Amino acid sequence: MAVRVWLSAILLAFLLAASPFAQVAGAQSEEDAAMAEVVENADLGYVGDDTPVSSDAPLSPAPGVETVCVFPKNAGKIVPAGEETELLVGLQNDGESTLNVVAVHSTLHLPYDHRMYGQNLTVQSFYNASVPVSVQATFPYTFAVSKFLQPGAYDLVGYIVYEIDQHPYQNVFYNGTIEVVEVGGLLSVESVFLITLGIALLGLFGLWAYGQVQQLSKKTKKGPKVEQGTGTTDANMDEWLEGTAFAKEKAKKNK
């Protein structure tokens, strides 16, 4: 948990520092216009979920190339299972040569162990997507997790692959947690369980409080019954003694 908080803090600081990456084609500056031109001229292609981008060893990032990721209108990073989710990959080329973006892909991992894959997500390829030196560009990436995936928190790792002078490179644009939810369901399984548990506890507390009130009311009603019993006993004694010498003496005293 501490590692996730630390990673989230770094990602937030990076997003704030690299906020110009999130600008779109309608901006007024020349760099934004160039970025829009790159995105508009880039042809999109889709490869199967399990198709590898490269058969070579793991690629490293090129010097001077920075990336950032934004989930548009989805600050909570909520991903409905079986439905498409879109994010934006921002790339800034501060290197010495023009780069060509090849593809964007991602993988889903269990949060407690990245060696265990949850799912290999869509590989989205790009054609004619060149980014000149000192230019920022934004690339859309759409993915969908399996509709059979159990709702919960997962770690998403996103990669953008590009070439510089025909040499492949790769940057990790996102490495953080997403929340997979059921389609049409506002609550996860854990939330339903917690709500059910809370209702059950409230019910038990209500039964206990009702029992306490009943016991208190019974104790309150016992006092008058004792007095009535005493009065009834005295009346019966007067009937038994009626006509005796004790009763006559008692009547004289009362007079």
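**View 1. Strands S4 and S9 pair in the antiparallel sense.** Strands are DSSP runs of E with at least two residues, helices are runs of H or I with at least four, and both are numbered from the N terminus. Two strands count as paired if DSSP finds at least two bridges between them. In this pair, Gln92 stands opposite Gln136 of S9. The model is predicted: local features need pLDDT of at least 70, side-chain atom pairs count only at pLDDT 80 or more, and totals for chains, interfaces and linings use all residues. Residues are numbered from 1 along each chain as its sequence is written, and side-chain values use heavy atoms, with hydrogens and water left out.

**View 2. An open sheet of 3 strands has the order S2-S4-S9.** The pairing in this sheet is antiparallel. Strand S2 (65-70) and strand S9 (135-143) are the edge strands; each has a single partner strand, so one side of each lacks a neighbour in the sheet. On average, neighbouring strands here are turned by 25° against each other, direction ignored. The axes behind this angle are lines fitted to C-alpha atoms, for helices over the stretch in contact, and angles run from 0 to 180 degrees between N-to-C directions.

**View 3. Asn93 is found in strand S4.** Asn93 is buried, with a relative accessible area of 0%. Buried means under 20% relative accessible area, exposed means over 50%, and partly exposed lies in between (1.4 Å probe, protein chains only). A polar atom of the Asn93 side chain lies 3.0 Å from the backbone oxygen of Val131. A polar contact is a pair of N or O atoms within 3.5 Å; within protein, one must be able to donate a hydrogen and the other to accept it, and residues adjacent in sequence count only if both atoms are side-chain atoms. Not counting residues up to four places away in sequence, Asn93 touches Gly64, Val65, Thr98, Leu99, Val131, Pro132, Val133, Ser134 and Val135. Contact means heavy atoms within 4.5 Å.

**View 4. Strand S5 pairs with strand S7 in the antiparallel sense.** Val104 stands opposite Gln124 in S7. Strand S7 (residues 123-127) has 4 of its 5 residues buried, so S7 is largely enclosed by the rest of the structure.

**View 5. The largest nonpolar core has 34 residues.** A nonpolar core is a set of buried Ala, Val, Leu, Ile, Met, Phe, Trp, Tyr and Cys residues joined through side-chain atoms within 4.5 Å. Residues with the most contacts inside this core are Leu87, Val101, Phe139, Val145, Leu156, Phe173 and Ile178. S2, S4, S5, S9, strand S10 (152-164) and strand S11 (167-181) each supply at least two of the core residues. Leaving aside neighbours within four places in sequence, Leu156 is in contact with residues including Phe71, Leu87, Leu121, Phe143 and Ile178.

**View 6. Gln119 lies in strand S6 (residues 113-120).** Gln119 is buried, with a relative accessible area of 15%. A polar atom of the Gln119 side chain lies 2.9 Å from the backbone nitrogen of Ser146.

**View 7. Ser130 lies in strand S8 (residues 130-131).** Ser130 is partly exposed, with a relative accessible area of 29%. Ser130 and Leu99 are 31 residues apart in sequence, and their C-alpha atoms are 5.6 Å apart in space.
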